[in-house]
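Please keep the sequence and the three-dimensional view at hand while reading.

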Amino acid sequence: MTTRPVHSETKYRLATAFQRRLNPLMRRLPLQTVLETTGRTSGLPRRTPVGGRRVGDSFWLVSEFGERSQYVRNIRADPRVRVRLRGRWHTGTAHLLPDDDPVARLRKLRSLNSVAVRTIGAGLLTVRVDLDG
């Protein structure tokens, strides 16, 4: 059994409590970037506001809690996703990249969200979504 530092666990609990209240509002904003996964148990669409950046035919983001994030668990079960960018939905395939340096990736993404992820995150994980044509 893996034990987590108390500080890391506290950050996780505070962040998830905050996100439970904020995410339903954020995902309704028309220009908010949203990642849609398929619930691994329910099979229902699950929408999560995210930060990241499109680079060519890929969308890059960093999960602030890595494997603990529900959308990462959903991706592991079914990598087919949708991403809403600037109000338009794109389908694609998500890839979890544990060998990528998430801190360096956040520097490349440069956004207010990147600062928040670096600040509150523990166990960062890079995710790349290869967008369909």
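With a relative accessibility of 11%, under the 20% cut-off, Glu36 counts as buried. This residue belongs to strand β1, and the model in which it is found is a predicted one.

**Glu36 and its surroundings**

- The side chain of Glu36 makes a polar contact of 2.6 Å with the side chain of Arg47.
- Leaving aside residues up to four places away in sequence, Glu36 touches Pro45, Arg46, Arg47, Val81, Arg82 and Trp89.
- Leu35 has Val83 of β5 standing opposite.

**The sheet**

- Seven strands form an open sheet in the order β2-β1-β5-β6-β7-β4-β3, and the pairing is antiparallel.
- Strands β2 and β3 are the edge strands, as each of them pairs on one side only.
- From one strand to the next, the twist averages 35°.
- In general, the strands of a sheet pair through backbone hydrogen bonds, in either a parallel or an antiparallel manner.

**Pairings within the sheet**

- Strand β5 pairs with β6, residues 88–97, in the antiparallel sense over 6 bridges.
- Two pairs of facing residues illustrate this pairing: Val81 has Gly92 as its bridge partner in β6, and Arg82 stands opposite Thr91.
- The two strands β5 and β6 form a hairpin with 2 residues between them, and Arg86 in the turn has a positive phi of about 50°.
- Strands β6 and β7 run antiparallel and are joined by 6 bridges; here Thr93 stands opposite Asp130 of β7.
- Strand β7 is also joined to β4 by 6 bridges, again with an antiparallel run, and Arg128 in β7 is the bridge partner of Trp60.

**Helices on the sheet**

- Helix α2 packs on the sheet and touches β1, β2, β4, β5, β6 and β7.
- The direction of α2 makes about 50° with that of β1.
- Helix α3, residues 102–109, lies across β3, β4 and β7 and runs at about 125° to β4.

**Nonpolar cores**

- The largest nonpolar core has 16 residues, of which Leu35, Phe59, Ile75, Val83 and Val129 touch the most other members.
- At least two residues of this core come from each of β4 (58–63), α2 (70–77), β5, β6 and β7 (125–131).
- Strand β7 gives the most to this core, namely 4 residues.
- Val129 touches Asp57, Ser58, Phe59, Val81, Val83, Gly92, Thr93 and Ala94, when residues up to four places away in sequence are not counted.
- There is also a second, separate core of 5 residues, including Trp60, Leu97, Leu106 and Leu109.

**A loop position**

- Gly43 is located in the loop between β1 and β2, the latter covering residues 45–49.
- At a relative accessibility of 47%, Gly43 counts as partly exposed, whereas Glu36, at 11%, counts as buried.
- Gly43 and Asn74 are separated by 31 residues in sequence, while their C-alpha atoms are 9.6 Å apart in space.

**The chain as a whole**

- The chain contains 4 helices and 7 strands.
- Read from the N terminus, these elements follow the order α-β-β-β-β-α-β-β-α-α-β.
- Of the 133 residues in the chain, 40% are buried.
- Among contacts with a separation of 6 or more, 66% are between residues 24 or more positions apart.
- The chain exposes about 8200 Å², of which carbon and sulfur atoms supply 53%.

Conventions. Residues numbered from 1 in each chain as written. Predicted model: local features only at pLDDT ≥ 70, side-chain atom pairs only at ≥ 80, totals over all residues. Heavy atoms only, no water. Pairing = 2+ DSSP bridges. Buried < 20%, exposed > 50% of the residue type's maximum accessible area, 1.4 Å probe, protein only. Core = buried A, V, L, I, M, F, W, Y, C linked by side-chain atoms within 4.5 Å. Contact = heavy atoms within 4.5 Å. Polar contact = N/O pair within 3.5 Å; in protein donor to acceptor, adjacent residues only side chain to side chain. Axes fitted to C-alpha atoms, helices over the stretch in contact; angles between N-to-C directions. Areas by Shrake-Rupley, 256 points an atom, 1.4 Å probe, with all protein chains shown as cover.
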